[in-house]
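Dear colleague,

Please find below the structure that I am handing over to you, together with its sequence. My findings follow it.

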Amino acid sequence: MKCTVKILWDPEAAVWITKSEELPGLLLESGSYDALIERVKHAISDFIDVDEIDKIDYCDINFVGYRLERVLVS
């Protein structure tokens with residue numbers, strides 16, 4: 001199984017949040033980017049189809065991080 005998990009910075013809440021088209025129920029957040037990756041790794045088995053869980057040994061997760069910052073230039 002392969003999936004992509006986007007990790008986005010929410011500046012208003014000051015946390016990283018997850019978003020994934022393959023795993024639509026994966027809604028996690030953390031103040032730490034690395035801690036959020038660990039949380040996703042531990043939660044991934046909850047999102048694998050029950051019928052497929054005996055057929056696979058691992059899941060390849062592509063983590064893609066996005067952070068937009070506004071910087072004053074004057």
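In what order do the 4 strands form the open sheet, and what is the sense of the pairing? In this predicted model, the order is S3-S2-S1-S4, and the pairing is mixed. S3 and S4 are the edge strands, each pairing on one side only. Between S2 and S3 the pairing is antiparallel, over 2 bridges, and Trp-16 stands opposite Ser-30 in S3. Helix H1 packs on this sheet and touches S1, S2, S3 and S4; the direction of H1 makes about 150 degrees with that of S4.

Which residues of H1 are buried? They are Leu-36, Ile-37, Val-40 and Ala-43. These residues lie on the same side of H1, because they cover an arc of only 130 degrees around the axis. In general, an α-helix has 3.6 residues a turn, so residues three or four places apart point the same way. The buried residues of H1 pack against S1 (2-10), S2 (15-19), S3 (29-30) and S4 (60-66). Asp-34 and His-42, on the other side of H1, are exposed. At the N-terminal end, H1 is capped by Ser-32, with a side-chain oxygen 3.5 Å from the backbone nitrogen of Asp-34.

The largest nonpolar core has 14 residues, of which Ile-7, Leu-26 and Leu-28 touch the most other members. Strand S1 and helix H1 (33-43) each supply at least two residues of this core.

With kind regards

Terms used
Residues are numbered from 1 along each chain as its sequence is written. This is a predicted model: local features need pLDDT of at least 70, side-chain atom pairs count only at pLDDT 80 or more; totals for chains, interfaces and linings use all residues. Side-chain values use heavy atoms; hydrogens and water are left out. A nonpolar core is a set of buried Ala, Val, Leu, Ile, Met, Phe, Trp, Tyr and Cys residues joined through side-chain atoms within 4.5 Å. Buried means under 20% relative accessible area, exposed over 50%, partly exposed in between (1.4 Å probe, protein chains only). The arc is that of the directions from the helix axis to the C-beta atoms. Contact means heavy atoms within 4.5 Å. A polar contact is a pair of N or O atoms within 3.5 Å; within protein, one must be able to donate a hydrogen and the other to accept it, and residues adjacent in sequence count only if both atoms are side-chain atoms. Two strands pair if DSSP finds at least two bridges between them. Axes are lines fitted to C-alpha atoms, for helices over the stretch in contact, and angles run from 0 to 180 degrees between N-to-C directions.
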